[in-house]
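Hello,

Here is the structure for you to look over. My notes follow below it.

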Amino acid sequence: MSQDTTAPGAPEGFVDDPRPAPTETVAVVQPSLLARLGAEVFGTFFLVLAIVGVALYTFVSQQNALAVGLAGGIAVIAGAAAVGNVSGGHFNPAVTLGAAIGGRTAWRDVLPYWVAQLVGAILAGLVLLATVPSTLPQLLGQDGRGGVFVATANGYGSFSSLATASQGGTEFGLVQALLIETIVTAVFVGVILGVTDKRASVQYAPVVIGLTLTALIIVAAPITNASLNPARSMASAVFAGDGDLWKQQWVFWVAPLLGAAIAGLFYRAFAFAPKQDDLLGEDQVVTLSEAEAPAYSAAAGAAGAGAVAAVVEEEVVVTDENGDVVAVEEVVEVVEVDEPEAPAADETPGTDEAPKA
């Protein structure tokens, strides 16, 4: 992958400069897939527990969209700070898709992350279902404990907050639901991609992401009860058990994923980073000599550190017809490191010679 850094108006360059280009090999080690999926389960569980948990008993606490928004924002801040360095802190299928389209997450991780996020959301729903008193549904005119979740579900028409507040006098329709969910999710994913870019000057990205989620929940809550997250929507719908509500759930997959795709495409077109980094994830990068590379691969594999690859980085000097430098292109090539059967003793780096950071 390369990024053209030729200045505007500069003469067309040639990449056939005879000067040797500096190269180096580094090992990129990230947590194992199991560790990353566990982090996504935990983070999504925490997020859904906070949002749906606060919304579940609003009729008792008299809390509103601000409280739900703050709960979601604080949960994102805490979850991202706790495990964001492991999995990237997605906690949302839409975020995962947007990051993949934007080149910040590997496509092979998308489906496993989605499964982990749905598992975390359903587990949070189960915990909240267990807290519902057995006599509460009858007081609310519901057939079972799952009926209490209808008020927390994402929906439009008769399920919108406006319809409830106006006692059916007016409501938001399908078009409004699709529009608001697409837009707020696009903004949310766009902010995430921007503040987690290594070139951004944001000191504490989880706070920015959490406050953004709070604001967007407050905006969308009157229209759709604010989804922005298919896993969060699925958790409420699964336990609500309302057939009419289930017929609307496609909106809360299509609109958030569409918004995330838009954000990912804009990021890739206008701000694509030259190197892949998984949002809040922190990969360990060490520079290796030719002799150290196979030994490091074997040691990392034995320790279960995760994926190991050799990354060949090369700077290509671009000159014009007169030999003047007009740009420097960075070329990055990822190559799998083969693990040897048994590295020789003289090729294994000593304990007093640690790999360069």
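Predicted model: local features only at pLDDT ≥ 70, side-chain atom pairs only at ≥ 80, totals over all residues.

Now go back along H3 itself. Where does H3 kink? The kink is centred on Ala81 and comes to about 50°.

A side-chain oxygen of Asn64 comes to within 3.1 Å of the backbone nitrogen of Leu66.

H3 has a buried set of residues that includes Gly69, Gly72, Gly73, Gly79 and Gly84. Val68, Val76 and Val83 are also among them. Which helices do the buried residues of H3 pack against? They pack against H1 (33–56), H5 (110–131) and H9 (205–224).

Next, the nonpolar cores. The largest has 46 residues. Leu47, Phe188, Ile209, Leu213 and Leu228 touch the most other members. Elements giving two or more residues to this core are H1, H3, H4 (93–101), H5, H8 (174–195), H9 and H12 (251–270). H9 supplies the largest share, 8 residues.

Leaving aside neighbours within four places in sequence, Ile209 is in contact with Val76, Phe188, Ile192, Val195, Thr196 and Leu280. Val76 is one of the buried residues of H3. Phe188 is another of the residues that touch the most other core members.

There is also a second, separate core of 18 residues. Val52, Val132, Leu136 and Ala235 are included in it.

Last, the aromatics. How many aromatic pairs turn up in a search of the whole structure? The search finds 4. Two of them are described here.

- Trp114 and Trp253: the ring centres are 6.1 Å apart and the planes lie at 65°, so the pair is edge-to-face. Trp114 sits in H5 and Trp253 in H12, 139 residues apart, so this pair links distant parts of the chain. Both Trp114 and Trp253 are buried.
- Phe266 and Phe270: the ring centres are 5.8 Å apart and the planes lie at 40°, so the pair is tilted. Both residues lie in H12, 4 residues apart, about one turn of the helix. Are Phe266 and Phe270 buried or exposed? Both are exposed.

Best wishes

Methods:
Residues numbered from 1 in each chain as written. Heavy atoms only, no water. Bend = angle between axes of the 7 residues up to and from the residue. Buried < 20%, exposed > 50% of the residue type's maximum accessible area, 1.4 Å probe, protein only. Contact = heavy atoms within 4.5 Å. Polar contact = N/O pair within 3.5 Å; in protein donor to acceptor, adjacent residues only side chain to side chain. Core = buried A, V, L, I, M, F, W, Y, C linked by side-chain atoms within 4.5 Å. Phe/Tyr/Trp six-rings, centres within 6.5 Å; stacked < 30°, edge-to-face > 60°.
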